Amino acid sequence: SFSECTAANDGGGMRVFNSGDVALEGASVVGCTSPQAALHLTGIERLALTNSHFVDNIASQSPAALFFTSRIAASGSLLRSTTFFGNS
């Protein structure tokens, strides 16, 4: 969980780049302030994000909550029971 985090570069709560699969279950990202996206994933393979929530995250550039790019087809990625509320 990340709460009230602040970042000077991309990614307020977590930044992952050039990695394989990323799986987060029960992640709570709340009140992070960053230039772009509280959770910033670049060049990963697949993303599995389940039972998680993103609330009141603020970014000077959109998106505020989640950004990810995939090195392979993103069709294997999933978001399940994940909520987004009050991000700007």
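**Reading the model**

Reply: Of the 88 residues in the protein, 36% are buried, where buried denotes under 20% relative accessible area, exposed over 50%, and partly exposed the range in between (1.4 Å probe, protein chains only). The model is predicted: local features need pLDDT of at least 70, side-chain atom pairs count only at pLDDT 80 or more, and totals for chains, interfaces and linings use all residues. Residues are numbered from 1 along each chain as its sequence is written, and side-chain values use heavy atoms, with hydrogens and water left out.

Me: How many helices and strands does the protein have?

Reply: Helices (H or I, at least four residues) and strands (E, at least two) are DSSP runs, numbered from the N terminus. Here there are zero helices and twelve strands. The radius of gyration is taken over C-alpha atoms, and the globule rule is 2.2 Å times the number of residues to the power 0.38. The protein has a radius of gyration of 12 Å, close to the 12 Å that the rule gives for 88 residues, so it is as compact as a globular protein of that length. Along the principal axes, its C-alpha atoms fill a box of roughly 30 × 25 × 20 Å.

Me: What share of the contacts between residues at least 6 apart in sequence join residues at least 24 apart?

Reply: Contact means heavy atoms within 4.5 Å. In this protein the share is 82%.

Me: Which strand order does the open sheet have?

Reply: Two strands pair if DSSP finds at least two bridges between them. The open sheet of three strands runs β2-β6-β10, with parallel pairing. Its edges are β2 (14–17) and β10 (66–70); each has a single partner strand, so one side of each is left without a neighbour in the sheet. Between β6 (residues 39–44) and β10 there are four bridges in the parallel sense, and Ile44 has Ser70 in β10 as its bridge partner.

Me: How many salt bridges does a search of the whole structure find?

Reply: A salt bridge is a side-chain nitrogen of Lys or Arg within 4 Å of a carboxyl oxygen of Asp or Glu. The search finds one. Arg46 and Asp21 form a salt bridge, with their closest N and O atoms 3.2 Å apart. Because Arg46 lies in the loop between β6 and β7 (47–50) and Asp21 in the loop between β2 and β3 (22–25), the pair ties together parts that are 25 residues apart in sequence. Arg46 is partly exposed at 31% relative accessibility, and Asp21 is partly exposed at 46%.

Me: Which backbone angles deserve attention?

Reply: Most residues other than glycine have a negative phi, and most peptide bonds are trans. In Ala37, phi is positive, near 60 degrees; Ala37 sits in the loop between β5 (33–36) and β6. Asp56 also has a positive phi, near 55 degrees, and belongs to the loop between β8 (53–55) and β9.

Me: Is Ala37 buried or exposed?

Reply: Ala37 is buried, at 0% relative accessible area, whereas Asp56 is partly exposed at 41%.

Me: Where is the cis peptide bond?

Reply: The peptide bond from Ser62 to Pro63 is cis, with omega near 5 degrees. Pro63 is located in the loop between β9 (58–61) and β10.
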